[in-house]
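This briefing concerns a two-chain model and is arranged by topic. Please consult the sequence and structure shown below alongside the points that follow.

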Amino acid sequence: MGNWDRFVETFFNAKVMAKYWPDILSGLFVTIELAALIVVTGLIAGLALALLRSLGIRPLNWLIVFVVDLFRALPPLVIIVLIYFGLPSVDLVPSGFVSTWISLALVLMAFAEEIFWAGITAVPRGQWEAARSTGLSFGQTLLGVVLPQALRITIPPLTNRTIAITKGTALGSVVAVSEILGQASSAVSNSYNPSPLTLGAAAYLVLFLPVVVLGRWIETRFAWKR
Amino acid sequence: MIETFLNAAILKAAWPILLAGLGNTLALSLLVVPLGLAGGVVLALLSTVRVQWVRWPLMAWVDFFRAFPPLVLLIFLYAGLPFAGLEMGGFGCVAVAFFLNTGAYYGEVLRAGIESVPAGQIEAARSTGLSRLQALAHVVLPQAVRNVMPDLLSNTLEVVKLTSLASVVALPELLFQARQAQSLTYNPTPIVAAAVIYFLLLWPVVRLLSRLENRALAGRR
């Protein structure tokens, strides 16, 4: 058996792959579910915080800035481990799935708030004044005039951040979530062959490569014309 | 509550373990940040080559490692490659994974920086007799780095946070040490303490960054 055959036998073992691809596929669905939950809740929470911040209530804003700083500074894996291993001490027992979801949603919330807020402050003051002078209320101005302009600027950085954080779903494998990496790792230890990891790697690429390419396209499409 | 999450006795016992972990996290960061930067500079310089058979593979390389979760890369190196007789150990795997992953990100940031430097700069430099590489290294790169300083800093922050992944392959950095202490004491205080240490270490960087970013975005009006 030549080197090449041995390499194929090791990393692309058809028999092992045939046996374990359903596991990887179910892992893929868990990853997609987790990613979708994180993106939706994280972005909504981030937008909500940015809108709250625009009300300009001093003590509230300090609190928002602190929370945002906190979740920007802490490594996501530390937050996951803290929730998963820490909360059971007060009789709250979140599953690995819930721990990963909450942790990454909080991280995305922090980054999204920062980006949304920067977008809102980047809209010229004249826009506010003009809208208010036509008789729109504060809320109407914010939602109908300022936010649509702010969102346009925020799309490229927001897309990149969202992709980067969503890739963190793989961290769930550390707290026993049966997403792609978790399934692949246990299949490797059951079969004594790394082919499931190859499959898992392929699954990640199938999932994220289109998103990365899309992100690249969005970055040029929405680029701020100078 | 405080008894559970910030137990003074346990904190006192776990302190030396955590401190050793912090030292290793800092040492690891001092290794992987320059490593990723070096990879990024190479990728960014390659991206200035206007030849199709360099550009396309380069773009594919960068997108590949941007799409690949770093933990998956790390596990592949750590648990997969030994089957092919390639045993690098936890430390070697972390170094290689960070070089590949963060190199791709640094490469993208630096490429954007290089593209932000007007073409006239390189033409002027070449006309004074500098070679292409000299012009890139002494004229373009310093300006490029200055233009994308916030992004470089933000990426570096992410890299330092990412060193916590090394705990998965049993490198005794801060998170790993905290988890060891937690499983010995059946108390989450060490993990809370580790989180506080991470926060105190990285908060100043986050503050600085959010200032730089707000200014950059506001400046586009």
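B:Phe65 is buried, with a relative accessible area of 6%, whereas B:Phe64 is partly exposed at 29%. Here buried means under 20% relative accessible area, exposed over 50%, and partly exposed in between, with a 1.4 Å probe and protein chains only. The model is predicted: local features need pLDDT of at least 70 and side-chain atom pairs count only at pLDDT 80 or more, while totals for chains, interfaces and linings use all residues. Residues are numbered from 1 along each chain as its sequence is written, chains are lettered from A and ligands numbered from 1 in the order in which they are written, and side-chain values use heavy atoms, leaving out hydrogens and water.

**Aromatic pairs**

- Over all chains there are 13 aromatic pairs, counted when ring centres of Phe, Tyr and Trp (its six-membered ring) lie within 6.5 Å; planes under 30 degrees apart are stacked, over 60 edge-to-face, and the rest tilted.
- B:Phe64 and B:Phe65 form one edge-to-face pair, at 5.0 Å centre to centre with 85° between the planes.
- A cluster linked by ring pairs contains A:Trp4, A:Phe7, A:Phe11, A:Phe12 and B:Phe76.

**Interface of chain B and chain A**

- Chain B contributes 53 residues to the contact and chain A contributes 51, where contact means heavy atoms within 4.5 Å.
- About 4700 Å² is buried between the chains, 70% of it from carbon and sulfur atoms; this is the accessible area (1.4 Å probe) that two parts lose on being put together, summed over both.
- Four salt bridges cross the interface, each defined as a side-chain nitrogen of Lys or Arg within 4 Å of a carboxyl oxygen of Asp or Glu.
- The side chains of A:Arg216 and B:Asp63 form a salt bridge of 2.8 Å, N to O.
- On the side of chain B that touches chain A, the largest share, 14 residues, comes from α10(B).

**Architecture of chain B**

- Chain B has ten helices and zero strands; helices (H or I, at least four residues) and strands (E, at least two) are DSSP runs numbered from the N terminus.
- Of the 221 residues of chain B, 48% are buried.
- The C-alpha atoms of chain B fill a box of roughly 70 × 50 × 30 Å along the principal axes.
- Among contacts in chain B between residues at least 6 apart in sequence, 75% join residues at least 24 apart.
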